Amino acid sequence: MDVNRSVLTLDEFTIQQLRDFPSATGELSSLLRDIGLAAKRINVEVNKAGLIDILGAFGTTNVQGEEVMKLDVFANNQMMGVLKHGISCAGIGSEEMDDIEIFDDPISNNSKYVCLFDPLDGSSNIDVNVSIGTIFSIYRRVSELGKPCTKEDFLQSGNKQVAAGYVIYGSSTMLVYATKRGVNGFTLDQQIGEFCLSHPNIQCPEKGKIYSVNHGNFFQYEQGVKEYITACQKKTKADGGPYTQRYIGSMVSDVHRNLIKGGIFAYPGTTDKPNGKLRLLYECNPFAFIVEKAGGRATNGKQRILDIQPKELHQRTPLFIGSTKMMDELDTYLQTSK
Ligand code: P6P
């Protein structure tokens, strides 16, 4: 009897990837499945966020006597929990935590990978029901196996990522991740509680008509950025337009939309924040890895995001990311080095 395998779950997909690489140890597949589990648990709480006032406001205890915590702290604990109790991760860095967390137990010290994440990006949007997301980045350790991981394991350039991805808690809940083999998207089937392959081999269209930037900062941007934004506003049918401006203030949602439909997202530096607002290690690097694997580009306005050598865990960087042709046109206004 032919087994219907038209819809692959995340677990089946990662295990199938193993079949293609018999020499693989399965640790990366296991790590990705762990993140999928955390995402399912976070999804449950995000989806009832509006109800929590009824169930007990944050900072109180709920009917089970459990502390009701801020969703981003909850999300952080879920990600840390699955990775700490898995077999593949030696330690983590998180937007929610000042310093890295070294797991330092015999299993974790022999694990090959470390993980950086923003457990719930855009959490301020929860109150108004705007989509939010979890972003993650995975590196192979450079420190000695058998010993605790070190800060150097986390301060590697984005080029060294072995995998990166995000979960978008939106009209549906999707997990998208990239490895050197490409980018694949999985939609959560609530009935079976599994992420199922829905967007195989995602490619970022080389052209698009969407530009995403916070116009409220326009007069704080450098001249080349202002000129590019103005050029986007002037596009006509004759030159590939008209463009539309879409910006919902949730990076995961804005970049995901542009990845699928084509477009450019920018969080440039401003006079107030010359390095912009977004974090290099657990926001910009993972998205740069994903978008480049899908055929797009990502820079800080001067160089590839993935080439930046990080100096500290929470450092910020300007970000321009999206369709290749749109990024190439942006370069003509910024003279970005390729
Ligand atoms: P602004 C959310 O707070 C976030 O970190 C990203 O998800 C989003 O792209 C950005 O900030 C929005 O920032 O300054 O435009 O509101």
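**Helices H6 and H9**

I began with helix H6 (residues 223–234) and helix H9 (residues 324–334) in this predicted model. Their axes come within 8 Å and cross at roughly 135 degrees. Angles over 145 degrees would count as roughly antiparallel and 65 to 115 as roughly perpendicular, so I noted H6 and H9 as oblique to each other. I looked up the hand of the crossing as well, and it is right-handed.

Next I listed the residues that make the contact. From H6 they are Gly 224, Val 225, Glu 227, Tyr 228 and Ala 231. H9 supplies Met 326, Glu 329, Leu 330, Tyr 333 and Leu 334.

**The five-stranded sheet**

I then turned to an open sheet of five strands. I read its order as S10-S9-S11-S13-S12, and the pairing is mixed. Which strands are at the edges? I found strand S10 (244–245) and strand S12 (297–299) there, each pairing on one side only.

I followed S12 to its partner, strand S13 (residues 319–322). The two run antiparallel and are joined by three bridges. For one bridge I wrote down the residues: Thr 299 has Phe 320 in S13 as its partner.

**Helix H8 on the sheet**

Last, I checked what packs on the sheet here, and found helix H8 (residues 280–293). H8 touches S12 and S13. I recorded about 25 degrees between the direction of H8 and that of S13.

Technical notes. Residues numbered from 1 in each chain as written. Predicted model: local features only at pLDDT ≥ 70, side-chain atom pairs only at ≥ 80, totals over all residues. Heavy atoms only, no water. Axes fitted to C-alpha atoms, helices over the stretch in contact; angles between N-to-C directions. Helix = DSSP H or I, 4+ residues; strand = E, 2+ residues; numbered from the N terminus. Parallel < 35°, antiparallel > 145°, perpendicular 65-115°, else oblique. Left-handed = near helix turned anticlockwise from the far one by under 90°. Contact = heavy atoms within 4.5 Å. Pairing = 2+ DSSP bridges.
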